[in-house]
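I am opening these notes to record what I looked up in this structure, entry by entry, beginning with a backbone angle and ending with the nonpolar cores.

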Amino acid sequence: MKIKTRLYIEKPLRENLTLDIVAPQLHFLKNVMRIKEGDYISVFNGKDGEYLAQITEVKNKFILAECQKYLKEQKCSSNIKLYFGSTNKHRLAFLVEKATELGVSELQPIITSFGDSKLFKEDKMSLQVIEAAEQCERLDVPKVHDAIKLRDIKDDNLILFADESRVGDNLFSALSKIGPNQELSIIIGPAGGFSAEEKDFINNKLENIKNISLGDNILRVETAAIMILSCLVANQAYH
């Protein structure tokens, strides 16, 4: 038995349930995956675990699939919220994809002085996180928020601030003091960096700020995110 693809379904799931799959997933199954009656897929919704489902009917406007077997128990990824400034659309898509693969629980775009808020499209990012979760076999999907102004951040978590001026503890030193299940937030600036006023706000108005340095080189937005998240994943695995 071969599972042809993995699909996120925004419906309750249980054994012996018949799923009615319509657009836009219908197009993917029919025209991309060439699904046929009798084929198997796996389905998940971020709440009820993952199920094996068999395609029972393929029509022009819908596909029916029967949930037959419980495959995986539901579990959630780490409690990590990522605040990030804008970059170009291709790098932004890359950031969203890799952050999903590396286990973030929330993606929060922030509007800054040197960033372009027009690049933040919540509906597009929501589709990107679903596709990434399907491919990397996550059982949950990160929550994507509408963009907010930097000054509207309200967060009680420990916040790691990746300061491009290289001020603060090195990343490994900071992570060594963080427990494996601690709720955590990360702030990464836009492609143009933060203004002096914005840095002052982050360091003096937000609580629980921990400045971190990512080394001697100035990293792009997506590179900084991947570096921090990769080290967090490794740190949690070590614990």
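Which residue just after α3 takes a positive phi? In this predicted model, I found Glu137 there, with a phi of about 70°.

I then turned to α3 itself, where 15 residues at 1.5 Å each should span 21 Å, and I noted that the end C-alpha atoms are 21 Å apart, so the two values agree. Looking up which residues of α3 are buried, I listed Met125, Gln128, Val129, Ile130, Ala132, Ala133 and Glu134.

Next I checked Arg138, which lies in the loop between α3 and β8 (143-144).

My last entry concerns the nonpolar cores. The largest has 31 residues, of which Leu82, Leu107, Ile188 and Ile228 touch the most other members. Elements giving two or more residues to this core include α3 (122-136), β12 (184-188) and α6 (221-238), and α6 gives the most, with 7 residues. For Ile228, again not counting residues up to four places away in sequence, I recorded contacts with Ala162, Leu171, Ile186, Ile188, Ile212 and Leu214. Apart from this core, I noted another of 17 residues, among them Ile9, Leu17, Leu29 and Ala65.

Note on methods:
Residues are numbered from 1 along each chain as its sequence is written. This is a predicted model: local features need pLDDT of at least 70, side-chain atom pairs count only at pLDDT 80 or more; totals for chains, interfaces and linings use all residues. Side-chain values use heavy atoms; hydrogens and water are left out. A nonpolar core is a set of buried Ala, Val, Leu, Ile, Met, Phe, Trp, Tyr and Cys residues joined through side-chain atoms within 4.5 Å. Buried means under 20% relative accessible area, exposed over 50%, partly exposed in between (1.4 Å probe, protein chains only). Helices (H or I, at least four residues) and strands (E, at least two) are DSSP runs, numbered from the N terminus. Contact means heavy atoms within 4.5 Å. The expected span of a helix is 1.5 Å times one less than its number of residues.
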